[in-house]
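Please consult the sequence and structure below alongside the text.

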Amino acid sequence: MYDEDEPILGGSNSYYKERSIPMNNNNNTQPSTKAGDKEIETVVESSGSSIKSEKLNVFHKLNQLSKKLDAIGVEARGIERIQSYERSTNPTKQFISVIGLWLSGCGGLSSMSSFYLGPLLFGLGLKNCMISGMIGQAIGCAIAAYLALMGPRSGCRQMVSARFLFGWWFVRIVALAAIVGVMGWSVVNCVVGGQILMSVSDNKIPLVGGIIIISGISLIFAMFGIKQVLRFEAALAIPVNLAFLLLYISASDKFSYLSNANSPLDDAATLKGNWLSFFSLCYAITSTWGSVASDYYILFPENTPDVQVYFITFFGILLPTSFVGVIGSLIGNVAMNYQPWNDAYAEAGMGGLLFKAFERWNGGGKFLLMVIFISLISNNIINTYSACFGIQLFGGFLTKIPRWFWSIVVTIVYMVCALVGRNKFSTILSNFLPMVGYWISMYFMILLEENTIFRTNRFKHLFIHEFPSDKFTERPQEKELHSTNIRLNQHYNFDIWNDPSKITNGYAATLAFCCGVAGAVLSMSQTYWIGPIAKAVGGEFGGDVAMWLSMGFSGVVYPFLRYIELKKFGR
């Protein structure tokens, strides 16, 4: 009854189709010569019609509910492209909103939590933590900023635009990786949030209860649309960052315990490997924003200059992450050398350590800790919002189910994962984060080569399905409404985003991605696997250099594979 990926639910681009069934208006009935056969046919047809009717009824009810929720601000729109004429005509307002998003989303406990691990897990002194962590996260910012450029250009969510690399079917591989990445962050946020509530309440709220509370609050806000998300994030930016500034002041009375000394238990080779692994961890903190970055630029005018988007994103992620990363490294280093803080971390994790840092301010410290707690909700909202579009990208009936429903499902899944892994916070964080960084590195390299090599005038003639003539596809409706907002010389025809017969098959990107995975396996250093290259550079526990080799392996093979794919298939 429906085309498999026909969007029948949600916002302005969605619709609900009813197919009329021809009826016989002739009231004269003819006697049947084969009454038994007719009766059987009627039963079979009735049964099949009943099943279709039930499916139709379910989608109809969801559609009606979506309309009611849309009326109160809950966005029902799915993965549909935002056309140029639908976007904002006030870029200044959009930039202010997205700056607030980065300040709130990146300047919180989610980013800070990883910097604790430099001293407390890897045994690095303050100097090594700062150098490794700050350089690693700055490179990650550069990756995420480049990936954000696809938002204004395409009007598509990050993983939807990835169809132009991986094709209709294989894009689901990277979509799944993106979903796992953002949900992994939400697991971390829930565990940290639960620890904070447990510490602030003097253990009256158990860790399990705290995880459920933060998950529920995050869901309420994540169900709203992108405009409401941007407003909420911008509103939180100032109080959250002010609370972190006061954390510097509150914790400063213990800064006399800071030390550049590394753990005495590790030899030089092991410390070198730990330095590399912490570098990869901090790189992953910021680079993983690349899997969702362009989602928050789709309302920008199409002709927004790339340089503006790049530097707003780069500094928007870099500055708040550095701000909370430095204090995270300082507090972690104190805990490595000051036993009461070390005991607090061992007993109640990151939440307990933060409570100790604010302890001298008594009730005021608890209040500030709750303000910082809100930053976890802020990050969860972003993660949940973007994960839902990744699910819809799998197509079929998943596309027909509205985003708000998937928000509920995603929240339940990461809440359960947080409850199961609540007592293994540092293990989850140190193992999961670098792996997310591996795939985003491969994705970045493939997109960079696609844009700079093949999406140029030199190779445009090879895209015979995307550009059937020598001229770019005309967009008369957009030209009539907002002719000045259309980007010239795109080298992409984003109008075909939902047409599997015209977008690439994705063979080249998928094979290059697999080569990158091979490079990651050889050079990764995790508790469950240490590759031979990682062992060679890092002593007992190896040194994680998988981000570089995964990027290199995929980057070397992609140009050759892509040229062959274009010559053979024309897309």
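The second largest cavity is lined by G181, V182, W185, T288, W289, S291, V292, N379 and N383. A cavity is a set of points, on a 1 Å grid over the protein atoms alone, where a 1.4 Å probe fits but cannot get out, and lining residues have an atom within 4 Å of a point. The model is predicted: local features need pLDDT of at least 70, side-chain atom pairs count only at pLDDT 80 or more, and totals for chains, interfaces and linings use all residues. Residues are numbered from 1 along each chain as its sequence is written, and side-chain values use heavy atoms, without hydrogens and water.

**Second largest cavity**
- Its volume is about 70 Å³, taken as the space filled by probe spheres set on the points, which are joined across faces, edges and corners.
- Helix 8 contributes three residues, the largest share of this lining; helices are DSSP runs (H or I, at least four residues) numbered from the N terminus.
- The lining comprises four nonpolar, five polar and no charged residues; Ala, Val, Leu, Ile, Met, Phe, Trp, Tyr, Cys and Pro count as nonpolar, Asp, Glu, Lys and Arg as charged, and the others, Gly among them, as polar.

**Largest cavity**
- The largest cavity has a volume of about 110 Å³.
- Of its 15 lining residues, M159, S291, D295, S386 and G390 are the closest to the centre.

**G531**
- G531 lies in the loop between helix 19 (507–523) and helix 20 (532–538).

Methods:
Helices (H or I, at least four residues) and strands (E, at least two) are DSSP runs, numbered from the N terminus. On a 1 Å grid over the protein atoms alone, a cavity is a set of points where a 1.4 Å probe fits but cannot get out, and a pocket is an open set with protein on both sides within 12 Å along at least five of seven lines; lining residues have an atom within 4 Å of a point.
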